[in-house]
Every structure is written in C-alpha cells, then in structure tokens.
Amino acid sequence: QCIARWNGTTWSALAPGGITLVNNILYHGVEQAIVRNGELVIGGHFKKAGNVQGTQHIARWNGSSWAAMAEGDVPDSVSSVNDFIYYNGDLFAAGEFKTIGNTQAKGVAQSVNNAWSSLNHPDAVAWALETYDSCGALSCDLYSAGEGFVNRWVCVTSVADAGKTHAWQVFPNPAANSVQVPPMFTRS
C-alpha cells in the first residue's frame, strides 16, 4: 500500500507490509525518497512501514524489508517528513515536526553520527530543502522553504543567518515537480 517497485515492465508491492496510513487518510503517504548507503529512505505522513515499530513518518528499505532509522522516527502522529537532501555529505530532513528521534528540532534536522541534530530552524514546518552555490557572496548554501515563507528561503547552514531570509522568485509558481531558481549574482 502507498509504495511500489518498477522492474522496467511491471509494478509490484514492496513486501512485506507497505505503508500504513495515519487514520487511513488517503492523501497522506510517502512524500519523498532518497538513497542512502544503498538503502531507500522514505519520508512522509504515515503511521509505519511494513508494520515495523519506530518507522513513523520515516523509514528505510534495504531491498527486502523495512527497518527503522538508527536516528529515530518522528513520534508525533500529526507530523510529517517532506523532503531530504545531502549537503556536505550529511543527510538533512525537512518536514512538519518539533521532535525527530530524541531531538527537539523544528522543521529541519541533520543526521550526525546516526542521531538527528537540531539546526535551530525558525519554523516548525519546512516543505523543501535546496542548495545554492552563492560563490561566497552569501554565508549560506543550504536553504529551506515552507509554510509562511514559501517564496522566502531560510538559511539553515549559518547560525548567523538563521533568522535572515532571502527573497527569491520560484518558477513556475505554483510549482509541480521541480522549480528553477534564477541566479542572484552574475558571474563575469
């Protein structure tokens, strides 16, 4: 349920289990996936993956079974994990949460040594993470966007800039599967 595998010809379920939705709300489920250490890591709004404990809103698939993340899951049933990105070799997760694993972290967390770490994100809801090479013009290269600041990207990699936002235009708006971020600086 809610996730399948394509072998080039047909779709099949990821057995055993699949995704159990929170209260069977149909528009919930898997929001994002990323490959990490040869495993598929999924995030979204779901109760558990493959009936495995500790997989609420985030889980990993090793090709044959579901498992909990070493870092922990998101314990609040109304929360979600909406996006993942690798930045400087580390995995970052964005979502609607105030706690992830055993860590108090609003909206964005970083995986460090198999534990979630807070980045002091200013909002509890983040929908997207993206990198931007500012060529040293800004002290930030990783941004988040979310409710209340959809077209204002918040710096999540510089403590000094954590409260600052940068106005960017996102095309197309509203966005579907991808966005284009116009360059803020011209290189000569």
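This is a predicted model: local features need pLDDT of at least 70, side-chain atom pairs count only at pLDDT 80 or more; totals for chains, interfaces and linings use all residues.
Beyond its neighbours within four places in sequence, Ala4 is in contact with Trp11, Ser12 and Leu14. Gly18 stands 14 residues from Ala4 in sequence, and the C-alpha to C-alpha separation of Ala4 and Gly18 is 8.3 Å.

Further along comes a sheet. Strands of a sheet pair through backbone hydrogen bonds, in either a parallel or an antiparallel sense. Here, four strands form an open sheet with antiparallel pairing, in the order 4-5-7-8. Strand 4 (29-36) and strand 8 (66-67) each have a single partner strand and stand at the edges, so one side of each lacks a neighbour in the sheet. Within this sheet, strand 5 (residues 39-45) runs antiparallel to strand 7 (residues 58-61), and four bridges join strand 5 to strand 7. Ile42, for example, has Ala59 of strand 7 as its bridge partner.

Another antiparallel pair is made by strand 15 (residues 128-131) and strand 16, again with four bridges. Leu129 has Ser144 in strand 16 as its bridge partner. Ser144 also belongs to a covered face: strand 16 (residues 142-145) has Leu142 and Ser144 on one side, with Tyr143 and Ala145 on the other, and all of these residues are buried. Both faces of strand 16 are therefore covered, as buried here means under 20% relative accessible area.

How values were computed
Residues are numbered from 1 along each chain as its sequence is written. Side-chain values use heavy atoms; hydrogens and water are left out. Contact means heavy atoms within 4.5 Å. Two strands pair if DSSP finds at least two bridges between them. Helices (H or I, at least four residues) and strands (E, at least two) are DSSP runs, numbered from the N terminus. Buried means under 20% relative accessible area, exposed over 50%, partly exposed in between (1.4 Å probe, protein chains only).
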